[in-house]
Amino acid sequence: MAYRNGTYIAFHAEGKTDPTASDIRYYRMMKAWHENDDIDFKFINSHDKVEAVKDSASKSKIKQSLEDRLDNSKNMVLIVGPKTHLDTDFVPHEIEYAVDVCGIPVIVVYTGYTSILNPASHRHEWPAALTKRIDDKSVCAIHIPFKQKVIDTAIRRFDLSTQPNGPLSYYTKEAQQKMGVEFK
């Protein structure tokens with residue numbers, strides 16, 4: 001049986017390897033926060049728990065590796081950028097497997113926003129696999145902005161035994177302010 005203590009991070013890479021050209025830059029930012037001793041942001045990266053496969057590997061081999069990583073995860077961070085909803089490759093599979101098979105909570109992290117107070121207003125940004133699971137209420141998800149303290153709080157709080165209350169959970173304005181989010 002897998003030891004589920006990792007955080008799985010999913011993002012739309014757009015088939016690019018340039019670390020500044022897609023949402024991979026947000027994943028790398030999270031890794032940089034984690035590796036910086038002066039920043040209180042620690043998590044166990046599920047991607048480090050399973051041997052990496054080459055990008056040239058078959059699609060089925062890559063999917064198996066992603067599933068092995070999700071099997072070792074307590075939660076999933078889904079980075080949602082402007083093009084995430086266009087992903088028809090691995091992000092939909094990652095969402096399906098995380099929710100339908102693993103039953104782990106999803107931390108939906110939006111880039112380009114300073115706060116999130118009405119998750120439903122971001123529907124146009126969701127991948128179809130997430131929209132389906134929100135609509136049928138099979139996912140427990142918290143929706144947050146891409147802010148270090150807010151992400152850290154959600155990663156530490158939500159796991160298999162402590163899930164968000166339903167598919168459209170979010171932190172109140174007051175809670176986000178306590179985590180350093182500024183409202184103008």
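Does K132 count as buried, partly exposed or exposed, and at what relative accessibility? In this predicted model, K132 counts as partly exposed, at 47% relative accessibility.

## Salt bridges

K132 forms a salt bridge with D136, the closest N and O atoms being 3.5 Å apart, and D136 likewise counts as partly exposed, at 41% relative accessibility. The structure holds 6 salt bridges, and a network of them links D40, D152 and R156.

Between the side chains of K59 and D89 there is a salt bridge with an N to O distance of 3.0 Å; this pair links distant parts of the chain, since K59 lies in helix 2 (residues 59–71) and D89 in the loop between strand 2 (73–80) and helix 3 (90–102), 30 residues apart. In the salt bridge of D135 with R123, the closest N and O atoms are 2.7 Å apart, and here too distant parts of the chain are linked, with D135 in helix 4 and R123 in the loop between strand 3 and helix 4, 12 residues apart.

## A buried glutamate

E125 is placed in the loop between strand 3 (106–110) and helix 4 (128–135). Although E125 is buried, it has no salt bridge, and the nearest side chain of opposite charge, R25, is 12 Å away. The side chain of E125 does make a polar contact of 2.9 Å with that of Y113, and, leaving aside neighbours within four places in sequence, E125 is in contact with V80, T84, H85, Y110 and Y113.

## Cysteines

The structure holds 0 disulfides. The sulfur of C102 is too far for a bond, because the closest cysteine sulfur, in C140, is 14 Å away. C102 is buried, at 7% relative accessible area, whereas C140 counts as partly exposed, at 25%.

Definitions and conventions: Residues numbered from 1 in each chain as written. Predicted model: local features only at pLDDT ≥ 70, side-chain atom pairs only at ≥ 80, totals over all residues. Heavy atoms only, no water. Helix = DSSP H or I, 4+ residues; strand = E, 2+ residues; numbered from the N terminus. Buried < 20%, exposed > 50% of the residue type's maximum accessible area, 1.4 Å probe, protein only. Lys, Arg positive; Asp, Glu negative; His and termini not counted. Salt bridge = Lys/Arg side-chain N within 4 Å of Asp/Glu carboxyl O. Polar contact = N/O pair within 3.5 Å; in protein donor to acceptor, adjacent residues only side chain to side chain. Contact = heavy atoms within 4.5 Å. Disulfide = S-S within 2.5 Å.
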